[in-house]
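Subject: Structure handover

Hello,

Here is the structure I promised to pass on. Please open it first, then read my notes below.

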Amino acid sequence: AGGCMATILAIKLNAKRCFSFSGQFSIMDQVSDGLLLHAYEKDEERNKYFDLTDDINEASVPIYYFYPARCEWDREQYQSIKQSDAIRSFGFNASKHGSTMLSTNISRVLCMENEELDELYDKYINKEIKRFDFAVKSTNLFCGMKIINNQIYKTLNRRINNSKQKEGKNI
């Protein structure tokens with residue numbers, strides 16, 4: 001709901017830009033399955049938010065849309081809005097909903113100006129993005145190396161802790 005809500009508010013407030021992480025813009029196919037959605041199917045005040053594709057197509061706010069390109073649900077959402085001039089999409093090589101860039105990279109991206117984001121978008125248009133590649137290309141070399149070092153440290157710590165847990169179970 002976060003990516004969708006960010007998009008709604010950005011459009012309504014005519015924001016400078018919108019960041020949407022795995023936004024679900026059209027949930028019409030879920031109305032029959034979801035009790036809450038089904039209950040509001042005929043309520044015009046609520047059901048107007050079941051499909052935002054028309055709002056996105058008419059938006060003047062740039063929407064920077066980050067999504068896992070290997071997640072079927074997110075791919076479907078991307079297909080529903082990709083033709084919009086407002087959308088600047090970043091499809092990452094991940095299959096888990098909401099899994100995009102490295103968490104250590106998010107603060108840098110959120111602080112970028114639209115021009116920087118557009119340049120980054122131009123680098124990745126119609127490409128599946130690797131997280132480490134994005135980490136380096138969205139920052140300077142020093143920051144990119146710091147991000148990668150942090151990620152390596154986290155990965156090694158996680159593996160060490162998992163190994164210790166397995167050893168404890170084998171005793």
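In which loop is Ser 22 found? Ser 22 sits in the loop between E1 and helix H2 (35-39). Its phi is positive, about 55°, although Ser 22 is not a glycine. Ser 22 is buried, because its relative accessible area is 4% and the cut-off for buried is under 20%.

Please keep in mind that this is a predicted model.

**The overall picture**

The protein has 171 residues, and 39% of them count as buried. It contains nine helices and four strands. Along the sequence they follow the pattern α-β-α-α-α-β-α-β-α-α-β-α-α. Take the contacts with a separation of 6 or more: residues 24 or more positions apart account for 69% of them. The protein exposes about 10700 Å². Carbon and sulfur atoms supply 52% of that area.

**The start of the chain**

Helix H1 covers residues 2-13 and includes Met 5. Met 5, Leu 9 and Leu 13 make a nonpolar surface patch of about 320 Å². Met 5 has 44% relative accessibility, so it counts as partly exposed.

Next comes Asn 14, in the loop between H1 and E1. Like Ser 22, it is no glycine, yet has a positive phi. For Asn 14 the value is about 50°. Buried or exposed, which is Asn 14? Asn 14 counts as exposed, at 53% relative accessibility.

**The aromatic rings**

There are ten aromatic pairs in the structure. One of them joins Phe 21 and Phe 66. These two rings are stacked, 4.9 Å centre to centre, with 15° between the planes. The pair links distant parts of the chain. Phe 21 is in strand E1 (residues 18-21), Phe 66 is in strand E2 (residues 63-68), and they are 45 residues apart. Phe 21 is partly exposed at 27% relative accessible area. Phe 66 is buried at 0%.

Phe 90 and Tyr 121 form a pair of another kind: edge-to-face, because the planes stand at 70° with the centres 6.0 Å apart. Phe 90 belongs to strand E3 (residues 87-92) and Tyr 121 to helix H7 (residues 114-124), so this pair ties together parts 31 residues apart in sequence. Phe 90 counts as buried, at 0% relative accessibility. Tyr 121 is buried too, at 17%.

Both pairs have their residues in one aromatic cluster. The cluster is made of Phe 19, Phe 21, Tyr 64, Phe 66, Phe 90, Phe 92, Tyr 121, Tyr 124 and Phe 134.

**Helix H7**

Which residues of H7 are buried? They are Asn 114, Leu 117, Leu 120, Tyr 121 and Tyr 124. Seen down the axis of H7, they fall within an arc of 120°, so they line one face of the helix. An α-helix has 3.6 residues a turn, so residues three or four places apart point the same way. On the other side of H7, Glu 115, Glu 119 and Asp 122 are exposed.

What do the buried residues of H7 pack against? Their partners are E1, E2, E3, helix H6 (103-110), strand E4 (128-129) and helix H8 (131-137). After H7 comes Asn 126, with a positive phi near 60°.

Best wishes

Terms used:
Residues numbered from 1 in each chain as written. Predicted model: local features only at pLDDT ≥ 70, side-chain atom pairs only at ≥ 80, totals over all residues. Heavy atoms only, no water. Patch = residues over 30% accessible without salt bridge, like charges linked within 9 Å, V, L, I, M, F, W, Y side chains within 5 Å. Areas by Shrake-Rupley, 256 points an atom, 1.4 Å probe, with all protein chains shown as cover. Salt bridge = Lys/Arg side-chain N within 4 Å of Asp/Glu carboxyl O. Helix = DSSP H or I, 4+ residues; strand = E, 2+ residues; numbered from the N terminus. Buried < 20%, exposed > 50% of the residue type's maximum accessible area, 1.4 Å probe, protein only. Contact = heavy atoms within 4.5 Å. Phe/Tyr/Trp six-rings, centres within 6.5 Å; stacked < 30°, edge-to-face > 60°. Arc of directions from axis to C-beta.
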